[in-house]
Amino acid sequence: MGSKPLFYPAPTYLTLETYWDTDDDGPGPRCGHTLTAVAATKSHGPRLILFGGATAIEGGASSSAPGIRLAGVTNSVHSFDVLTRKWTRHAYRTQSTASLRPAGEPPSPRAAHAAAAVGTMVVFQGGIGPAGHSTDDLYVLDLTNDKFKWHRVVVQGQGPGPRYGHVMDLVAQRYLVTVSGNDGKRVLSDAWALDTAQKPYVWQRLNPEGDKPSARMYATASARSDGMFLLCGGRDSSGAPMADAYGLLMHRNGQWEWTLAPGVSPSPRYQHASVFVGARLHVTGGVLRGGRSVEGEAAIAVLDTAAGVWLDRNGLVTSSRTTSKGLPDHDPSLELMRRCRHAAASVGVRIYIYGGLRGDVLLDDFLVAENSPFQTDINSPVLTSERASSLTSPRTSPSSYASTPNLDGRPEILSAGASMDKNSMEKLAEASAAEAEAATAVWQAVQASSAILAEETSVSDENSQAAETTSEGSDNEADVRLHPRAVVVAKEAVGNLGLMVRQLSLDHFENESRRMVPLQSDQPYSAKKLTRQKSPQGLHKKASILSHIISTLLRPRNWKAPANRRFFLDPYEVGELCYAAEQIFMQDFGDLHGQFGDLMRLFDEYGFPSTAGDITYIDYLFLGDYVDRGQHSLETITLLLALKASFCFNHLIEYPDSVYLIRGNHEAADINALFGFRIECIERMGENDGIWAWTRFNQLFNYLPLAALIEKKLYACMIEKLERPITMDAGSIILMDLLWSDPTENDSVEGLRPNARGPGLVTFGPDRVTDFCKKNRLQLIIRAHECVMDGFERFAQGHLITLFSATNYCGTANNAGAILVVGRGLVIVPKLIHPLPPPLQSPETSPERVADDTWMQELNIQRPPTPTRGRPQPDLDRNSLAYI
């Protein structure tokens, strides 16, 4: 099998042939305009809205005066139908176009303004026109019901003020964020946000934490579907182009934070264009100091935010280049992108670019490119084609979809003028409701796919039933059941009770059963027997590396953390390990959070996977969240991958199907860049090697399966619908629900409820568990993802168990860790370990413990963990997750 490249290069742009009825309908040459993708309506497919810009230039080669000056600034509106490829102008003057004229008072002519889509509306702010700076009023072009109408939105209090060369986009489908620009006096670095769900509308000046970007203008910004606002490039106050990129996130407690994006940009630039497709920010064109165009391969770039790397058409970028030296004499596709002051938008997997300026020539061409067809985010049901875009808003994952309810329960976005007339409010409410309708359509499509898959599974079961010697519901077939007693290692680490193993009744645990509410009946669901899916044989990579890893780390009784925290593998060995494991995950079917010491304790107390341990009769299934939070994520993920790869390495080993790893929500670059794994890689391997290793691990994580099936009775999901490798951003609502949702507070709370982890996430009630089990003929779901005090916790009358294996999570929870042993007859026995007491040695005699504790404490102060299930959250807790 040929291996796929680690990173997929930037695409090539081609000219798109478009149509219009009259010459006025075509936008014509222009620059300094905006191009905004708008969601499909009930009667119309997705559209691109082009507004404003300069349609003429003065000066240039034919003028005695140096330089050029933009002229012919306009406020015209042109819409492009993505499905028919037809342009239409929505004019204000002539009687012949009166039927297309938007109602309401339009904004003044302007260029270098900012625009953002809000449902089926486009919001415009700022810019500069013939009379100077435009006002800082917000203008809304409402496309609901295909009747274009202008509204001026009244915002109370102080706002960003008149400015041009700034950026703006909608973050988390709610917050209109604008950053930087020039107010005519100076270049700005401020950031403002307007909550479109809260009236009266007020601009809030942000004071984000983190690495703040410097003052700039003519930058670009685009909001990713999960709520990250990415600022890219720009020109500083001295006129120098910039190459950096910054992500802006909002935490659950309302605090915003800037984060410097990793990677090496191909070139500094300003007056360029950028837009997200999935997790990839597509950056095009731009100029350098003095107005010289960005040329060569640097003119087309991609920032892969899932991997933290920049790419050009040749692949990974390792150094900036501002000249075209060494490139072919003429590449038409690169010459096509030598432009500035153009505009870009995306619909589905396609990136569209219109117009711009090349030297002293205004452009009127329309370009298109597709995100790499091998990129996993194309597999998302809403990104597979332009037709699919009619279900959802461009550049938006369905899991993010929701109208923003106001206090009265009605979904609203923006007001129409000071009077807030009823018709305007209804239009705006309908626009927001359209998003909810789109989300419902996507959700129903997902459910329909699930139902079809369930039927296919049922047919397959019926076809194979004749081969089975035991029929469904036979007394000879065992049902899944939880053993009435759990195995526990005593809390005391010293003295007469030290390391004593005992059995306790499940009734002994005060927290474990708190979610369950007694019912009249609790009948298990019958299910058929399923043989295990086999892992591939004959993996041909260096066995010595795997052997070295296992011999170094698999020491349950005498492993000690390195005193200097230096990791023992180099980047080459990390790459070989990831490659070996990746070949397995590409074909075959509790949380530890970097607490490697707990993994060793569990192995020591209850057996470990080796020929000297219990691999001959025990299979191991790990439920994800191997990294972040703890001190030794590198050891944890490295050992588990080595165990998986080694037992599938060659035919001499008798147990190729004994170690299984599935994916958790922290096995994603967006998450583990924030919660410790990336920091640990850099700290322990050096910056260059660390970033490379972190990137390589995350590439591997995209191949991990999402669920496992045990004897067809313990939880599995419809993973056939999600092709791997898959990034978190590309998995749509299915991946988000699998890896981020939680049970409700207890069995009495049914249905789907909002999840405190963040918008777009849900909690599910016991009714959803029982329905799922019935539909899929399952008896038990085992999931991780939440810290629970006793290490395991039942829900939905015991048909769901939450498992958490890390003790004293983040050094504060004081929780037990547990594993579940599935024995003969599908009897499940919980086995627990409790947190170790503080070390007897003084800090001076155990420097590695001090270093580890300090490292964890600093991380958890910056990003506090999710509260332990069932425990009240402290008043001063900053909450757990970024606004994602």
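Predicted model: local features only at pLDDT ≥ 70, side-chain atom pairs only at ≥ 80, totals over all residues.
Student: What makes strand S10 and strand S13 a pair?

Tutor: Two strands pair if DSSP finds at least two bridges between them. Five bridges join S10 (residues 121–125) to S13 (residues 138–142), so the two strands count as paired. They run antiparallel, and Val122 stands opposite Leu141 in S13.

Student: Why are S9 and S14 called edge strands?

Tutor: Four strands form an open sheet in the order S9-S10-S13-S14, with antiparallel pairing. Strand S9 (114–118) and strand S14 (149–153) each pair on one side only. From one strand to the next, the twist averages 25°.

Student: How do you know that strand S25 is mostly covered?

Tutor: Buried means under 20% relative accessible area. In S25 (residues 280–284), five of its five residues are buried, and therefore the strand is described as mostly covered.

Student: Which residues of S25 point one way, and which the other way?

Tutor: Arg280, His282 and Thr284 point one way, whereas Leu281 and Val283 point the other way. In a regular strand the side chains alternate between the two faces of the sheet.

Student: What joins S25 to strand S24 and to strand S26?

Tutor: Five bridges join S24 (residues 273–277) to S25, and S25 pairs with S26 (residues 300–304) over five bridges. The bridge partner of Val277 is Arg280 in S25, and that of Thr284 is Ile300 in S26.

Student: How many residues lie between S24 and S25 in their hairpin?

Tutor: There are two residues between them, and Gly278 in the turn has a positive phi of about 65°.

Conventions
Residues numbered from 1 in each chain as written. Heavy atoms only, no water. Axes fitted to C-alpha atoms, helices over the stretch in contact; angles between N-to-C directions. Buried < 20%, exposed > 50% of the residue type's maximum accessible area, 1.4 Å probe, protein only.
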